[in-house]
Amino acid sequence: MTAVLQVEGLHKAFGGVQAVADVSFAVSAGEMLALIGPNGAGKSTCFNMLNGQLAPDLGIVRLEGRDIVGLRPRAIWRLGVGRTFQITATFASLGVRENVQMALYSHAGRLRSMLQRFGAAFRTEADALLSQVGMLDQAERACGVLAYGDLKRVELAMALANQPRLLLMDEPTAGMAPKERVALMELTAGLARARGIAVLFTEHDMDVVFSQADRIIVLDRGQLIAGGTPDEVRNNPAVRAVYLGGTH
Amino acid sequence: MVGALGVDQAKLFTSVFFAGAVLAGLGGALQIPREPANLDLDLAIIADAFVITVVGGLGSIGGAFLAAILIGVAKAFCIGIGTVDWFGFEISFSKLTLVVEFLIMALVLVVRPYGLLGKPQAVQRIAADPAPPLTAPTWKIALVWVVILVAVPLVADRYVTILLTDIVCFALFAVSLHFIMGPAGMVSFGHAAYFGLGAYAAGLLFKQAGLPMEAALLLAPLCAGAFAIVYGWFCVRLSGVYLAMLTLAFAQISWSIVFQWDSFTGGSNGVFGIWPSAWLADKTTYYYMALACCGLGIALLWRVLFSPFGFTLRAGRDSPLRAEAIGIDLRGVQWAAFVLVGALAGLAGAVYAFSKGSISPSAISIAQSTDGLIMVLLGGVETLTGPIVGAAIFTWLRDEVARRTEFWRGVMGGVILVIVLLFPQGLVGGLKALVLRWREQRA
Ligand SMILES: Nc1ncnc2c1ncn2[C@@H]1O[C@H](COP(=O)(O)OP(=O)(O)OP(=O)(O)O)[C@@H](O)[C@H]1O
Ligand SMILES: [Mg+2]
């Protein structure tokens with residue numbers, strides 16, 4: 001398997017806080033890699049460095065062999081990286097379908113037109129994505145009035161709009177009922193395998209993590225302390241001590 | 001949040017307001033020996049105070065102190081130095097006193113987007129109610145209005161026609177301001193810059209360059225747009241109050257140049273004798289031309305709002321983070337919007353200039369910018385037609401009140417206060433809410 005994403009020696013400090021220290025890992029096409037760790041471990045900070053929102057102090061991020069450190073998020077998106085945020089970021093005053101259409105228009109480079117009417121193009125594509133994540137029945141509603149779990153679904157649909165090679169999902173199932181969580185991640189895993197998308201996700205729900213991830217890496221106070229298959233991680237004494245011991 | 005902790009917010013805000021007012025009053029009283037109380041103190045001092053808090057950085061008392069000293073010293077220096085001769089150029093520093101604080105603010109904000117000692121602001125919009133979806137008036141309703149507006153001069157007198165000409169100019173001005181502050185989410189405190197620069201461009205192209213009126217009218221928006229290219233490039237790098245204050249700084253810098261460049265712009269007197277060509281000399285004909293220009297300008301702006309470009313602007317206002325994450329170059333888009341809006345405000349100014357026959361620096365003043373903001377807020381920011389209604393009512397009211405009483409400023413202020421208290425979402429926003437409630441009750 002070829003690594004879609006390869007991270008080597010990533011570092012980031014905020015003032016005196018070493019949020020991420022010497023983190024290295026790789027994700028292959030079609031693989032579901034879970035990045036877990038207690039609150040404040042540095043997971044979101046890692047994500048932000050992968051999609052260009054934050055500049056790492058040190059380290060290399062390779063997307064299909066190409067170093068992407070220093071590129072802006074929008075450039076990294078164009079290289080095929082989709083992302084969902086821990087605190088959802090959608091266009092609140094626009095409709096659900098329009099949100100997804102924005103991503104589709106942008107992917108096609110058609111957002112510059114000033115005189116056409118927005119919304120006629122990419123309707124079927126948007127609806128296909130929305131039905132995949134189970135949001136088609138709410139396509140006409142404004143994102144600003146949606147339940148939190150539903151916003152996460154819209155975000156996933158938007159992240160899938162540019163046919164990504166890599167999906168970065170920061171707590172994709174927060175705000176959902178336990179059953180929905182597993183269902184959504186099963187869907188993601190299915191897409192990942194069918195299309196060869198590499199998925200890196202964080203998640204606090206251990207049922208989801210251990211049932212859906214192919215591999216798990218564990219972050220604690222900025223450092224990777226363990227990694228391996230779900231079984232290996234489950235039985236790792238260091239992980240039990242700092243992580244599962246505390247919250248599970 | 002504070003409310004959840006058991007603090008009475010109304011009381012808290014009122015006492016903070018009271019304390020602020022006492023301190024401001026004390027400041028005012030203390031400075032009396034320096035400058036006698038006068039009516040223009042309000043806007044001047046508001047501008048100064050705003051500039052100082054923004055240069056210092058919002059929320060930083062130390063920063064405000066530093067900024068106050070910096071600006072005070074700079075002003076004193078400008079007066080002290082007077083006129084100097086540098087390499088054969090005569091530079092009058094005393095003339096700079098009018099703008100020195102705005103120059104400093106522009107420089108500080110360009111280098112330090114959050115002021116001298118300020119910290120980046122948390123993004124506020126997310127938690128607030130999202131803006132309601134926009135709806136454009138249907139073709140039928142728009143057509144009815146066009147017919148009415150075309151018919152008015154046939155039945156009304158000359159005075160009404162002239163007033164309507166003013167109104168359509170200000171309507172385009174207000175709609176362009178609404179475009180940038182509503183859907184695009186960039187509040188401009190200095191929108192008069194583009195209106196005024198368009199007006200001056202028209203006047204100067206006509207008088208100084210000797211172009212025919214039609215050419216001047218067509219080129220003026222391009223000139224205003226050219227200024228918007230420069231100003232906008234800096235402004236879109238900021239957000240929130242800092243952005244608003246930088247727009248104000250550019251407007252004031254423009255104003256002071258126009259105000260002081262006697263030989264070219266006519267200084268405080270302005271430009272005179274800019275009358276339309278013979279075929280437009282008749283007030284009614286000119287009104288139709290103004291209606292066509294401004295109506296098309298408004299139609300264009302509305303059309304753009306519903307285009308992919310307009311949706312991108314709204315998307316960027318709702319979530320800059322998400323916009324960037326789906327490949328949008330938000331700054332570029334906002335910059336383009338700035339230029340578009342500047343050009344159309346310039347068109348409004350040019351049409352206005354030829355309707356009056358003269359143009360004075362007050363067209364670029366803070367007061368003109370504030371008028372625009374009042375028009376938009378009066379009608380309602382969250383609606384498309386609001387700014388037009390606001391412009392119409394404001395212009396009509398000012399005219400009406402000014403003719404009847406000397407105290408028109410006070411009366412205007414009172415009327416606006418009442419409207420804002422009765423309709424916090426603006427007139428059109430409030431009426432829409434009323435209609436909605438009425439329909440729900442009947443259903
Ligand atoms: N912009 C920032 N400025 C300063 N400190 C920050 C910033 N962002 C994160 N941190 C700090 O870095 C550390 C890691 O934060 P991060 O958000 O990456 O954790 P996380 O693993 O995503 O936690 P959670 O599970 O709560 O989302 C924390 O100590 C946090 O306080
Ligand atoms: Mg996080």
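The model is predicted, so local features need pLDDT of at least 70 and side-chain atom pairs count only at pLDDT 80 or more, while totals for chains, interfaces and linings use all residues. Residues are numbered from 1 along each chain as its sequence is written, chains are lettered from A and ligands numbered from 1 in the order written, and side-chain values use heavy atoms, without hydrogens or water.

**The open sheet.** Select the 4 strands of chain A that form an open, antiparallel sheet in the order 2-1-4-5. Strands are DSSP runs of E, at least two residues; helices are runs of H or I, at least four; both are numbered from the N terminus. Two strands pair if DSSP finds at least two bridges between them. Strand 2 (17-28) and strand 5 (66-67) each have a single partner strand, so one side of each lacks a neighbour in the sheet.

Now pick strand 4 (residues 58-63): 2 bridges join it to strand 5. Find A:Arg62; its bridge partner is A:Asp67.

**Strand 6.** Move to residues 81-84. A:Val81 and A:Arg83 on one side, and A:Gly82 and A:Thr84 on the other, are all buried (under 20% relative accessible area, 1.4 Å probe, protein chains only). A:Val81 stands opposite A:Leu166.

**Two helices.** Finish with helix 3 (residues 96-107) and helix 5 (residues 148-160) of chain A. Show A:Val96, A:Asn99, A:Val100 and A:Ala103 in helix 3; they meet A:Val154, A:Ala157 and A:Met158 in helix 5 (contact: heavy atoms within 4.5 Å).

Note on methods. Buried < 20%, exposed > 50% of the residue type's maximum accessible area, 1.4 Å probe, protein only.
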